[in-house]
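Trainee: I have a new model on my screen and I'd like to learn how to read it. Can you walk me through it?

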Amino acid sequence: MSQVSEKEKAAFRQQVAAWMQANKPADPGFLLPQSFMEVGSEQQLDFLREWQHKVWSAGYLGMAWPREYGGQGVDPVFQSIADQEMRGHAVPICFNVIGLGWAGPLINDMGTEAEKARYLKGILSGEDIWCQGFSEPDHGSDLGNAQLRARRDGDEYVLNGTKIWTTMGNFAKYMILLARTNPEAERKYDGLSFFLAPMQVAGVDPRPIRKLTGEYGFTETFFTDARIPASCLMGEEGQGWKIAMQTLQYERGAEAGAAGGLAFVRIAIDDMIAGLADVERDGAPALQDPAIRDQLVQMIMEEKAVVLGDRRAGIGPLTTDYPFSLPLSNKLRFTESTRRMRQLAINLQGAEGGLYVGDEGAREGGFWQRAYLNSFSATIGGGTSQVQANIIAEHILGLPK
Amino acid sequence: MSVIGNTALRFSEDQAMIMDVARAFCADRSPMASVRALLESDAGFDPAVWQEMVDMGWPGMTLPEALGGAGLGVAAAVPVFEAMGRSLLGGPLMASLLAGQLLLRAQTGDADDNALLAIAAGVPATIALLDSADWGAERIRCELQDGVLRGVKQQVMEAAAAEWFVVVAQEHNAPVLAVVPATAVARAVRRDHVLIDATRRAQSIDFTGIQVSEEAVLRGPAVTSALHDVRLLGALLLAAEAGGSAASCLDTTVDYLKTRKQFGKLIGSYQALKHPCVDILMAVDSTRSFVYHAATLLGEDALDTDAEIACRMAKAQATETLKYAGDRAVQFHGGMGFTWECDAQLYLRRAQWVQQAFGDAPHHRKRLAHLLLDR
Ligand SMILES: Cc1cc2nc3c(=O)[nH]c(=O)nc-3n(C[C@H](O)[C@H](O)[C@H](O)COP(=O)(O)OP(=O)(O)OC[C@H]3O[C@@H](n4cnc5c(N)ncnc54)[C@H](O)[C@@H]3O)c2cc1C
């Protein structure tokens with residue numbers, strides 16, 4: 001339980017709100033990414049990097065991380081308040097999410113002093129961009145089968161193989177890498193090791209892949225006899241699977257520790273409803289149409305259930321029935337409901353639903369169309385919804401594999 | 001203000017204690033064998049178990065101490081109904097509690113407290129509310145004229161057990177409540193319903209010709225507001241009960257999926273069965289969140305708009321959840337699911353009764369649309 005007084009929290013909230021209001025950047029005049037998975041140009045990158053640096057310098061990022069590594073060592077409640085205010089003021093995202101949200105907490109919780117000292121501050125400042133090398137062309141959901149080879153050679157490991165869907169692979173300085181050190185291991189999981197690997201070395205070649213939106217954001221990343229120092233190994237050889245699973249816990253929001261900041265542009269159902277004020281159906285306001293009203297109410301309830309679920313997860317006696325079902329299902333619930341909401345937003349636009357970014361008549365510049373296409377990043381990335389359902393069925397309900 | 005609105009959710013130590021006691025009690029007194037034994041009984045509940053509930057003070061839990069109650073508020077009763085739903089335990093508790101709330105909220109000044117005192121002491125009571133199959137009907141058809149009732153009431157919950165009826169009627173186009181003792185309602189004017197949920201009992205009652213003394217009539221604006229509130233409280237308590245039932249329904253299905261084999265594998269390993277179970281789990285989780293959120297917003301006074309929104313969401317969610325859980329429970333038990341012997345039918349049947357009572361999901365969503373979108 002947080003020991004921070006309500007008064008302190010309110011005062012802090014006011015302070016952050018004032019800062020956000022004063023420092024929220026003006027519209028840069030080019031399309032900004034709606035999430036960290038859509039950083040496709042240097043222009044976008046520079047803008048976002050500057051913003052993250054500013055937020056961190058102001059003291060609103062990594063607040064609960066240790067002081068000596070660029071944080072402030074304060075109660076996590078302050079970071080949640082800062083995040084809420086960022087959301088409320090609809091400021092840009094803190095784009096270095098794989099560092100801030102996954103690699104960072106991992107290093108904080110499991111890393112050595114040397115690793116913490118070396119990596120954490122650069123994650124917060126935005127100087128060191130991180131990417132994640134888990135998925136491979138032939139092994140996605142079946143991550144335990146990853147085949148990229150890391151062969152020990154003296155003080156180095158030699159990497160050969162291919163990773164894919166590497167978000168920000170072309171901008172990153174470091175990669176959290178899952179690689180196979182022992183192809184002969186009896187269990188496929190035991191042959192895996194985990195690396196904090198540099199990207200800017202010879203033999204690493206990230207090639208951008210165009211996404212369904214037409215934009216860029218991830219790469220196919222080729223490793224050809226790429227040599228990295230043996231000290232990049234995290235933990236010990238053979239512990240890769242365990243560490244990767246821990247990383248996914250942060251990624252799916254099932255475990256705390258993230259530095260904070262927004263990973264996604266706030267897209268609230270209120271914005272959708274407000275945007276529909278002038279839309280008509282059958283010659284009358286769409287918001288008066290009984291069928292549409294019912295769909296909106298169902299959508300509002302879905303979103304509200306997510307928020308209430310988060311509240312209830314913090315109340316012990318109300319979580320004894322299916323322990324951990326709320327945190328473990330959070331990703332599935334949230335991402336699926338987001339996807340449905342954004343599709344509904346297109347549906348409700350009438351003929352304008354058929355327009356896209358670039359058409360001058362597109363409603364809000366095609367914002368919802370782009371947002372809907374992008375929503376699949378969260379229902380596929382980080383473990384697909386179907387795989388999430390398997391995990392919940394097996395771990396919470398105890399159903400067989 | 002966001003349309004998501006109020007998201008308060010708290011659970012008091014009192015509630016937690018009541019939940020523990022209620023769960024243990026319901027599990028012990030209402031094992032499946034007892035539930036089944038009661039299905040074909042006249043009363044539909046075991047008087048000895050009801051007496052124990054009375055002894056624990058449940059009927060008066062939400063009534064003021066001055067009337068012999070525990071003064072805990074309706075929020076304290078929510079975990080009790082969830083626990084009863086879990087164990088499919090029936091009886092006159094919900095009917096009595098709602099009748100008590102209706103009288104309490106409608107009363108002004110020095111009205112006659114007899115019925116309330118009786119309810120707090122554990123004498124069963126019920127509300128005669130429905131004139132037709134339409135939960136959304138504005139007009140009350142049952143009339144009170146010169147102290148005499150005229151009209152037929154449908155689906156009066158636990159009417160056979162009730163010793164007091166709170167009859168919702170209209171007098172000069174204004175709603176009134178007539179408090180009628182069971183002795184005034186002859187057997188001949190009562191017809192036993194056959195309910196799809198055989199764990200419950202209800203009657204249709206023709207009140208025509210029954211005389212009501214002046215002290216036994218409640219009038220005025222408080223009646224209108226009390227009726228509004230009690231319809232919402234009924235929806236909430238049923239949502240709590242349905243949430244409990246949906247959870248045990250899910251457990252029943254999951255247990256079967258862990259034991260039944262086909263094609264050499266446990267059927268629970270098939271994703272066509274597994275994934276819907278996860279959907280049900282998430283719906284059960286949502287139901288609980290809505291139910292306890294609504295409980296958090298119930299004050300002692302008339303329900304405010306946030307509480308109304310919360311009660312309606314709870315009922316809309318719970319109804320759909322139990323319907324889905326019951327439906328899949330039957331399907332996932334295969335031929336066994338089609339039998340009387342399989343417990344899946346109990347949940348499926350209950351779901352059909354619960355979905356309509358105090359308004360179905362579209363009924364509440366239609367009102368939610370107004371509350372959320374027309375501001
Ligand atoms: C925008 C985006 C960004 C990403 N960023 C990164 C990144 O930075 N780093 C990284 O390593 N990866 C990243 N990924 C990859 C992502 O983690 C994988 O796409 C994901 O794990 C699925 O793997 P796959 O693409 O191979 O699909 P597959 O595993 O081939 O799945 C195909 C379909 O089969 C279903 N399926 C597979 N197995 C099962 C099963 N057991 N039961 C039921 N259904 C199943 C899936 O749900 C899916 O619908 C990103 C993906 C996206 C979309």
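**Reading an interface and a shared site**

Mentor: Let's start with one pair: the side chains of B:D374 and A:R293 form a salt bridge, with N and O 2.8 Å apart. Keep in mind that this is a predicted model.

Trainee: What is the general idea behind a pair like that?

Mentor: Side chains of opposite charge can pair when their charged atoms come close. In this structure, seven salt bridges turn up across the interface of chain B and chain A.

Trainee: And how many salt bridges are there over all chains?

Mentor: A search of the whole structure gives 41.

Trainee: How do I read the rest of the contact? How many residues does each chain put in?

Mentor: Chain B gives 49 residues and chain A gives 42 residues. Together the two chains bury about 4000 Å², and 66% of that is on carbon and sulfur atoms. On the chain B side, B:I4, B:R365 and B:L373 lose the most area to chain A, together 16% of what that side buries.

Trainee: What about polar contacts across the interface of chain B and chain A?

Mentor: There are 22 residue pairs in polar contact there, counting pairs with both residues at pLDDT 80 or more. To see where chain B's side comes from, colour by element: helix 1 (13–29), helix 7 (221–257), helix 8 (271–297), helix 9 (305–332) and helix 12 (361–373) of chain B each give two or more residues to the side that touches chain A.

Trainee: Which of them gives the largest share?

Mentor: Helix 8 of chain B, with 15 residues. By type, the chain B side that touches chain A splits into 26 nonpolar, 13 polar and ten charged residues.

Trainee: Now the ligand. Which residues are closest to the ligand?

Mentor: Of the 18 residues around the ligand, the closest are A:S135, A:S141, A:W165, A:T384 and B:Q271. Look at the chain letters: residues from chains A and B surround the ligand, so the site is shared between chains.

Trainee: How much of the ligand's accessible area does the protein cover?

Mentor: On its own the ligand has 970 Å² of accessible area, and the protein covers 68% of that. In the shell around the ligand, strand 3 (156–167), helix 10 (367–380) and helix 11 (385–395) of chain A each give two or more residues. The largest share, three residues, comes from strand 3 of chain A. Sorted by type, the shell has five nonpolar residues, 13 polar and no charged.

Trainee: Last one: what does A:T224 touch?

Mentor: A:T224 is in strand 7 (residues 216–229) of chain A. Leaving out residues up to four places away in sequence, A:T224 touches A:L159, A:N160 and A:G203.

Note on methods. Residues numbered from 1 in each chain as written. Chains lettered and ligands numbered in written order. Predicted model: local features only at pLDDT ≥ 70, side-chain atom pairs only at ≥ 80, totals over all residues. Heavy atoms only, no water. Contact = heavy atoms within 4.5 Å. Buried area = accessible area lost by both parts, 1.4 Å probe. Salt bridge = Lys/Arg side-chain N within 4 Å of Asp/Glu carboxyl O. Polar contact = N/O pair within 3.5 Å; in protein donor to acceptor, adjacent residues only side chain to side chain. Helix = DSSP H or I, 4+ residues; strand = E, 2+ residues; numbered from the N terminus. Nonpolar A, V, L, I, M, F, W, Y, C, P; charged D, E, K, R; others polar. Near = heavy atom within 4 Å. Areas by Shrake-Rupley, 256 points an atom, 1.4 Å probe, with all protein chains shown as cover.
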